[in-house]
Amino acid sequence: MSRPESASRHDMRGTVVGRLAALADHTRTAGLAEELRKDVARRVLDVLGNSLAAQGQPSARAVAAVARGWAGAPAATGIGTGERFPAATAALVNGTLAHSMDSDDTHLPSVLHPSASVVPTALAVGEATAASGASVLDAAGVGIEIAVRLGMGGYDEDLGNSEFFERGQHATSICGAVGSAAAAAMLYGLDADGIADAMGIAASFGAGLLEANRTGGTVKRVHCGWAAHSGVTAAEFARHGLTGPPTVIEGRFGFLHAFCGDRADAAKVVEGIGEHWELPGIFFKPYPCNHFTHAGIDAARALRRDGLDPAEIVEIDLGVPKPVLRTIAEPPAAKAAPESGYHAAFSGPFTVARALLGGSGLGVGHADFTDEAAKDPRTLALASLVVSHSDDRCDELYPHQFPAVLRVRTRDGVWHEARVDHNRGGPANPLSDDELILKFDLNVEGRLPSDTARTVAERALGLSSADALDDLMSSVRG
């Protein structure tokens, strides 16, 4: 697409954003490899299911109410709303939905959830531009790759953690805005310079603080929606001639230094770019709760499969990586007795207790995180027994894995132990297509008829051969 002459005044070649844009531009014309398209199609299905499951959540209602007040052309579907919005507004609505149930995918070791912002962006702009399914998958795949690579630029090996996370910043939304901008710019048909400008603009838009993980509030659920909205808006600005700095990523006042200071490493962002893809290694979440809790759930399920009787438990010891204690174990009293179902999804003690009692869904499910479930006496009694602490083996593996060790003492004085180094849903313990479809079915139960759910799954997984998104998105409009 042509843009005003002044929009291409910078030479982006050799800069980090220029190299990212070159990947996007090449993929826009050449396409992703078929195995990568299949991977992205699985993520589209996952995002659609997570989004439909979030209908009626306070964050979803609030954002949809605001969106209805914004005038604009009805260009793209608001999932489950029965309405269509401008592309940027649909991205806001759907990105909020996608992250509202804490069931979205996770990249390690950057510790961010890329698909919840990038996939809604690609779906919204793809629908608005009548793009093919393959083009949407290509754009989403590149946007996801860029988001997680930016997250890796903020990961410090010596620290053993993301500097974004250490500073209380939500890398998911901060990096997701830039990845979303790349995806949107690809679908708008911008060239390499235009894609670079879109990312450079979006780098000024991304934001998000993680305090809600610790002490509550529903604003975190909107982070991915705002990242998606920012990405579409940035690409639209670039279409009309707004430009971004050529050194927006690595510059002294650029993205990485501003957010991560001296620990940032711009070289990691582009290392092996175009040859190695992070995309296939991103974890799917089998459980709709904070990812730091998953290995504890896996361990509890293992003990239950071995015949452990929850009624016989008198002591529970949960070992996890030290950095995750702030999210799932502190403050201890609040984590042992969460004030709501949403807070329960960020509690190590609560999630272990639900899994020991049997849980729902694939191990624990949405029924375990209602406000009523958060007050269940049996669950709270077990959760009160949990003592959480750091474990040396877990510290060694984190954040390349989110491991846990669970030790439980029963009335007879015997200790029972289960250690999980590779939690379910990652490359070492993947979810099959059938398990992913089951997760989707559980997400949409009571929201879509079973035949419609089956149709959505087929259309999402077959997106690479679709001429457009109309059939898929009409199936989830509500």
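Student: Between which helix and which strand does the loop that holds proline 399 lie?
Tutor: Proline 399 is in the loop between helix H20 (392-397) and strand E7 (404-410), where helices (H or I, at least four residues) and strands (E, at least two) are DSSP runs numbered from the N terminus. This is a predicted model, in which local features need pLDDT of at least 70 and side-chain atom pairs count only at pLDDT 80 or more, while totals for chains, interfaces and linings use all residues. Residues are numbered from 1 along each chain as its sequence is written, and side-chain values use heavy atoms, with hydrogens and water left out.

Student: Is alanine 130 buried or exposed, and where is it found?
Tutor: Alanine 130 has 57% relative accessibility and therefore counts as exposed. It is found in the loop between H5 and helix H6 (133-153), and it too has a positive phi, of about 55 degrees, although it is not a glycine.

Student: Why is histidine 366 called partly exposed, and which residues does it touch?
Tutor: The relative accessible area of histidine 366 is 24%, which falls in the in-between range, so the residue is partly exposed. Histidine 366 lies in the loop between helix H18 (348-357) and helix H19 (377-383). Contact means heavy atoms within 4.5 Å, and, not counting residues up to four places away in sequence, histidine 366 touches Ala53, Met101, Pro288, Ser360 and Asn443. Serine 360 is in the loop between H18 and H19 as well, and among its own contacts beyond four places in sequence are Gly365 and Asp368.

Student: What places leucine 210 among the buried residues, and which residues are in contact with it?
Tutor: Leucine 210 has a relative accessible area of 11%, so it is buried, although it is found in a loop, between helix H9 (192-202) and helix H10 (211-215). Leaving aside neighbours within four places in sequence, its contacts are Phe165, Gly168, Gln169, His170 and Lys220.

Student: What makes a set of residues a nonpolar core, and which residues have the most contacts inside the largest one?
Tutor: A nonpolar core is a set of buried Ala, Val, Leu, Ile, Met, Phe, Trp, Tyr and Cys residues joined through side-chain atoms within 4.5 Å. The largest here has 102 residues, and Leu48 and Phe255 have the most contacts inside it. Helix H8 (residues 171-187) gives the most to this core, with eleven residues. A second, separate core of 46 residues includes Phe165, Ala300, Val386 and Leu406. Beyond four places in sequence, phenylalanine 255 is in contact with residues including Leu150, Phe164, Ile174 and Val248. In general, nonpolar side chains tend to be buried together in soluble globular proteins.

Student: How do you know that the protein is as compact as a globular protein of its length?
Tutor: The protein has 23 helices and eight strands, and its radius of gyration is 22 Å, close to the 23 Å that the globule rule gives for 478 residues, so it is as compact as a globular protein of that length. The radius is taken over C-alpha atoms, and the rule is 2.2 Å times the number of residues to the power 0.38. Of the 478 residues, 61% count as buried, and among contacts between residues at least 6 apart in sequence, 78% join residues at least 24 apart.

Note on methods: Buried < 20%, exposed > 50% of the residue type's maximum accessible area, 1.4 Å probe, protein only.
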